[in-house]
Structures are given as structure tokens and as C-alpha cells.
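This briefing goes through one protein chain, from a single residue out to the whole fold. Please keep the sequence and the structure in view while reading.

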Amino acid sequence: MAGERGRMVDAVTPRTSEQPDQPEASGAPWGIGGLASRPLGRHRPAPPSTPSVSYPRRPSRTNRTTFLLAMLLLVIPFAMAVDSILDNDMWFMLATGREIVQSGFPYTNPFMFHPDCAIVIQQWVPCVALYLAYSLLGYVGIGVLVLALFALLAFLTCKLASLFFARDNHDVMLVVVAILMSMLVSYISARPSEWSMILIVGELYVLEKYRRTNDKRYLLLLPLISIFHSNMHASMWVLCFAFAVPYLLSGLPRRLSSLYTFKRYDYDRRWLFAAIVAMAIVGLINPYGVNGVMYLVNSFGSADYRSQISEMNPIKIWSFYGFVIASLSAICLYEIGRRRHAATIALSDVLIFAGTALVSCTYIRNYWFIVLGAMPILFEALGAVRLPRISNLLGFEVLRDGPVKRAAILIIFALLIAIFVGRPLDEERDYVPTDSSMTPVEAIEYLDANGVDKGSVRIFNHFNSGGYLEWNGYRCFMDPRPELWDSGITGQSVDYYQEYVDATLGSITSSSIIDEYDFDYLIVDHNSNMEKALDVDPDYTVLVDEGTYSLWGRTSTTG
């Protein structure tokens, strides 16, 4: 039906850049099939007969009730996301946002006690936004900000999907979007990954609109996206080009065209190339310039040293992430094979899917790449799928469609939001961090109560607790951003993250680290190598002993 509608529209409207050339309705200038009446005597020639053309009725929009019911499904991923909002990484992001708001952009690391270490804040916009949200509404403000960004991501995904789904099939579109959003729930937190997802989906929408309309005004948005990305999440800035460059390609070379027939669009790729060049140039507009956009290159490989960070491990096929990657890959590969000569899938879609699928398998934290990279093929494959009306499946067909029925659905929608989203957010109003090895509350309270000089004190801490120390104003030995402790970022000869890992794993004796840095206090995990070294060190004694960690101080000071 879609193809028939496209041919009929060609007869009365100008062709757009994505519509293939169509043959004329007639090969002769008179009538149908070249038949025309000859003039007889003085009589004027008969006017050419006009063929009667019946135009198919334009499909109506999705039934409003069905659309509202489909929206209810989007409550599910939002309800799932609430529990992961207050991620442990938010502490160093809050501390960084406060530092920027109060003192400006730091170029020497203010969070470590090692002197003269350079720093690059590659996600300064999310840090500042998070701190401002906290300043206004506390932890509830953080939740509202994260969920608002999630809503923006869902909205942009719907906008992208609407380019592939028929207007009367938006209820199915919402079901697909809800499923995709559920796959991303574990990344909906205070981390900057959510910001990158928004920019990537927005970029895909801009690129799709341009190649379908050849309207150069859309390309003006690409440099802006590049600027946003280099300031919101500079380590992911390269993704701007990974998703844009494939759109420069139209298909296989002619001698290989028999292998696969790709869908071709007629748009000016020269302007797209110019926009990509502009993206590379304007990406330098960030507080750290070249060092900002080169953040990934300068720190590449530092976080996976000796595989100590769980999210830096490869994805296992039997895990949830492995199942999602395998499922999306199977669907996309099936559609690519099934449409080999149908000319319904663009080469750019295949390249983006293939690239994101490979990158997603490298580390757990890269899993979300394939969810975004598979979208064009998934939407192309599912855009024509028809399902029974959701209103019928849920039994709402017994009510007559109208304002009362839609109002009832909106009330249900509001109640679900209040129960599954609003209530957990309200609980965050009184949120207090649990005393643990990640958030050593009692240790911080002890240090504060004893008037420790936060600017000069030397504290050893493990990887996960560093952000909480920073948020409480203390300089730390390590925090959850291993890249910032890499020599490629600090400019120092010592790689402090590698030194920390070697010490905690026993490659460097814990006692030698203690002697080298002459710590005033140590916050150590129970049963760690550091705790075992302190147990036999007469210079230190336990000050706070909690279930998962302990605070140690100098015997001479405490006793």
C-alpha cells in the first residue's frame, strides 16, 4: 500500500529526493495510449481526454485511544530506571560540578593529593547540571534531571522511528520504542552516557531527515551536536563521526552491485561532507581544546588495566547484555539477508549496525551502542508490522471512543507515573547514603568531628570510595575515574591507577605504598591486602570499624 501511495502522489506532487524516478502515465501527448481525435472539416479538434485517476485515501492517524494506551508501556522503563538513578559515580560528578560553579574550570586536579597533575573534565556539562539540580531540590533534583533526560531520549527515539513507521501504525511504534528504552535502563543514571545517547539519536534523526528531503538546513544542526558532545561527554565525541560518515556512502561499487542491492537516496553528499568537516573543527570549542577531544586517545586502555573494573570486562553471551546483543544481531542479520535485492535497506544502516555490534561486544559499558546502532534496520523491518489494536487487547473496546475514554486512560497513566516514578522520587527526598565501603559515612563523620585539614591530609582509599571523599571535600588516593589518574592525562611519569591496582593485588607490597606516601589516614576494605598490612603495622590503629571497611589512623596521633 505504501508503494502504491508513493506512485499516486508522484502524479500530482514534485518528487522528493528519496522517491525513485517513475515512468510517465502516458507515452503520447494526447489522451491515453496516444489515441486522439483527428479534426474533421471546420470542426475544432476535440480536446484531449483526461484520464480519470482514483487516489487512495490517506491513512488516518493512529486512533487516539490506542495511542494513549501504547504510551502506558513507556511507564515500564521509567519505573525500572528510578532504582538506578543514584549511581555511585554521582559523587565525583557532584564534586566536579561544585568545583566548576564555585572556582571555574580546573586545569590542575583538585581532587588528588599528588601535586601538579593535569586534569581534563570531559563531561563538565552533566557535572554542572547535576550539581545545580542537587542545589535546587537535593537528591530529588538529581532524579528529576535524570528522568527528564530519559524522557527526551524516548521522545527523540519516537521522532526517529516516525520516519519509518506509517502514520496509522504509531501504536506499534510506541511498543517498539518502549522495548528499546527498557534495554537501556541500566544506563539511565547520573552518568554522562545518557547525554551521549540523546545526541546520537538526535544526530541519526538529522541525518535521516537530510537524506530524505535534501534540505541543507538540517545539516546546520550537525556542528551544534559536535559542540554539545565535546562538552557533554568528550570521550564519546568520536561517535559523531562514526554515525555520520556512513551516510556519505550510497552503495556498493558497480562491479559488486550484484551481491546486494541497497536502498539509494538522491541527496547532495558534498554538503554532508562539508558539515562533517565543520563538526571536526567546532569540536575544539570546549574548555580544554585539543586535549578535550583527544581525551579518549590520551587515556585509551587505562581503565582495563588488569581487568579490575567489572564494566570493562568483555560481555558474556549468557548474560543479559549478551542475550540482547545476540537478539538484536539476529533480527538485523535476518532482515539484511531477507532484503538482499529488495532495495529497502541503506548501506549506511548496515555499516552503523555492524560497527556498533562489534564495539558493544568489547566491554560491558559499551553495550548500549548496538541498541542505538540497530535502530534504523529495526524500524525499517517493523515499520509495516500490524498488530491488533492495543485497546482491543486490553478490553477497552467495550467503551465508546471519546473524551471520557481518553480521560480515563490519562488518569491511569498519571496514577502509574505517581506510583512507580513519583513515589520512589519522593523517597529520595530523605535519602541518606548507607555507610559502606563505597560511601564511608562514619569515616567521614569521624574526620569531620576531629577537625582534619581537608586541604593537606593524606588519605588512602580504594577505588569505589574516592568520589564520596571528593564530595565531602577531601583529597583522595584514587577515585572511580581511572583515566584521570593515567599518565597520558596527568602529564606525570607515574601512572597512579596502575600503581594503585598493583598495590591492591599484591604486585607492590602494601607496606611499601604506606611507607612511600606516609598516609595520615587509610580507609580500607575488609580482607584487602592493605588491611592485612595494617594489622601488623604498629604505627597505625583502627579508628572506625564498619561491616565492609575500616578507618585507620596514626597511633601517635590517636593515642
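M375 has a relative accessible area of 0% and therefore counts as buried, the cut-off being under 20%. The model is a predicted one.

**Around M375**
- M375 belongs to helix 17, which covers residues 375-382.
- Neighbours within four places in sequence set aside, the contacts of M375 are T157, L160, L180, M181 and V201.
- One of these contacts, L160, lies 215 residues from M375 in sequence, yet the two C-alpha atoms are 8.6 Å apart in space.

- L284 sits in the loop that links helix 11 (269-282) with helix 12 (289-293).
- The relative accessibility of L284 is 40%, so this residue counts as partly exposed, whereas M375 is buried.

- An open sheet is formed by four strands in the order 1-2-4-3, with mixed pairing.
- Strand 1 (459-461) and strand 3 (540-545) are at the edges; each has a single partner strand, and therefore one side of each has no neighbour in the sheet.
- On average, neighbouring strands of this sheet are turned by 25° against each other, direction ignored.
- In general, the strands of a sheet pair through backbone hydrogen bonds, and they do so in either a parallel or an antiparallel way.
- Strand 2 (residues 521-525) and strand 4 (residues 549-554) run antiparallel and are joined by five bridges.
- Within this pair, Y521 is placed opposite G553 of strand 4.

**The chain as a whole**
- The chain contains 26 helices and four strands.
- It has 559 residues, and 49% of them count as buried; M375 is one of the buried residues.
- Among the contacts in the chain with a separation of 6 or more, 71% are between residues 24 or more positions apart.
- The contact between M375 and L160 links residues that are 215 positions apart in sequence.
- The accessible surface of the chain is about 27100 Å², and carbon and sulfur atoms account for 60% of that area.

Terms used
Residues numbered from 1 in each chain as written. Predicted model: local features only at pLDDT ≥ 70, side-chain atom pairs only at ≥ 80, totals over all residues. Heavy atoms only, no water. Pairing = 2+ DSSP bridges. Helix = DSSP H or I, 4+ residues; strand = E, 2+ residues; numbered from the N terminus. Axes fitted to C-alpha atoms, helices over the stretch in contact; angles between N-to-C directions. Buried < 20%, exposed > 50% of the residue type's maximum accessible area, 1.4 Å probe, protein only. Contact = heavy atoms within 4.5 Å. Areas by Shrake-Rupley, 256 points an atom, 1.4 Å probe, with all protein chains shown as cover.
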